[in-house]
Amino acid sequence: MSDAAPAAPAETIVLTGGTGFLGSVVLERLLVTTEEPIVLLVRAADDAAAAARLRGLAVATWGDADVLPSRVTALAADLELPDLGRTDGALDALAARTATVVHCAASVRFDLSLEDARRVNVGGTRQMVALAARARELGAPGRLVHVSTAYVHGRTNVLAREHGPEQAPVHRNTYEQTKLEAEHETRALTDGVAIVRPSIVVGDAVTGWTSSFNVIYVPLKAAARGLLTVVPGPADAWLDLVPVDQVAEVVAALVRRPELDGVFQAVAGEEAPRLQPFADVVCEVLGIPPAACEPAAAEQLGLYAPYADVASPFELGRARELGVRPVPVAELVPRLLAFAETAGWGRRPQPRAVAWTATPAVG
Ligand SMILES: NC(=O)c1ccc[n+]([C@@H]2O[C@H](COP(=O)([O-])OP(=O)(O)OC[C@H]3O[C@@H](n4cnc5c(N)ncnc54)[C@H](OP(=O)(O)O)[C@@H]3O)[C@@H](O)[C@H]2O)c1
């Protein structure tokens, strides 16, 4: 018999992108619905600086530096550096206890060069695939839950299905292209991989909370300031919005249910609104005169213009049973606008309520 102490169970959840908009809510859902250790991989000069960023995240997101339980820790790691910038064996030690890697980090900029977008989105995913593979070599589960985007489908005129895209898509920008390339990186694992594809992630379905005011918030703010006299895009364009809490719950559910592999599109699907009816609700809520859709005005949206002329819906399939419940725009829009005004459209960030002090609902 060996005198060696038994190895600690490999039950750690590794999270990238936890300091970001979606990742912070994923962390919250994991705190509510799991009890295992969570290690955030955070860009920072060293582990002490990573821990300081974690405390900063807690203050910004939940209003209290001490709110996170001790099972949440941070390691300094940069997805764009070889071996995440670690030369100290920390990655092997982490891999040996990794049950699941949740890869949420990416650059969501639409204007990066292909080289820059590939370095973070494709190269970063390759490193998370390698971490999961190393975990398996060391006898840990090493499952991967990878956050992608529904826009890997690019421009299409047909229903964008979970099992697609079947043909080489026409992408709008380097973001979409590199997010599809990142999905392809995950194939190196052959199994034990779930991919979550959100559409446009907006504020919380109930509170409207968000920490990110890009994409749809750009024209919404212009409308709220009386600067948008026409709606920039075709009247029948699909506008697929999904609340951040619903996407986070899909991700957390896939952590709790390792038997589920494959693609999960976290989207409103065929229940998503078209642009004109959506704009009508916005104008009504804002108490401004209705505005007509004008496709030629889409260039006002700059980088976001391509998202105002989406010609076909996404398929909402297996994510429905994991927590996606399309919210009617008449309910969602007032909540998004009210929160955005409270938060000064990003100038006065608001913390979320702390949700995980109640008994965890693990299921
Ligand atoms: N927001 C949406 O509408 C939307 C829609 C579909 C899919 N998604 C996907 O959802 C995920 C999260 O998006 P988000 O909106 O939450 O983005 P975000 O707020 O910009 O957060 C991005 C996160 O990635 C981290 N990150 C970026 N580069 C990194 C690097 N080199 N090393 C380590 N970490 C790095 C950031 O860390 P720092 O704090 O250090 O910057 C941050 O935590 C992404 O995979 C995105 O493609 C988002």
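This is a predicted model: local features need pLDDT of at least 70, side-chain atom pairs count only at pLDDT 80 or more; totals for chains, interfaces and linings use all residues.
1. Residues are numbered from 1 along each chain as its sequence is written, and side-chain values use heavy atoms, with hydrogens and water left out.

2. A search of the whole structure gives 1 cavity of 30 Å³ or more, and about 280 Å³ of space lies in the largest cavity. On a 1 Å grid over the protein atoms alone, a cavity is a set of points where a 1.4 Å probe fits but cannot get out, a pocket is an open set with protein on both sides within 12 Å along at least five of seven lines, and lining residues have an atom within 4 Å of a point. Grid points are joined across faces, edges and corners, and a volume is the space filled by probe spheres set on the points.

3. Nearest the centre of that cavity lie Ile 216, Pro 219, Val 231, Pro 232 and Leu 275. Helix α8 (275–286) and helix α6 (217–224) each supply at least two lining residues, with α8 giving the most, 5 residues. Helices (H or I, at least four residues) and strands (E, at least two) are DSSP runs, numbered from the N terminus.

4. Now for the ligand, which takes up the space of the largest pocket; a molecule sits in a pocket if more than half of its atoms lie within 2 Å of its grid points. About 970 Å³ of space lies in this pocket. Its lining divides into 22 nonpolar, 12 polar and 5 charged residues, and α1 provides the largest share, 3 residues.

5. Around the ligand are 25 residues, of which Thr 19, Leu 22, Arg 53, Tyr 175 and Lys 179 come nearest; near means having a heavy atom within 4 Å. A polar side-chain atom of Tyr 175 lies 2.6 Å from a ligand oxygen, and a polar backbone atom of Phe 21 is 2.9 Å from a ligand oxygen; a polar contact is a pair of N or O atoms within 3.5 Å.

Notes. A polar contact is a pair of N or O atoms within 3.5 Å; within protein, one must be able to donate a hydrogen and the other to accept it, and residues adjacent in sequence count only if both atoms are side-chain atoms. Ala, Val, Leu, Ile, Met, Phe, Trp, Tyr, Cys and Pro count as nonpolar, Asp, Glu, Lys and Arg as charged, and the others, Gly among them, as polar.
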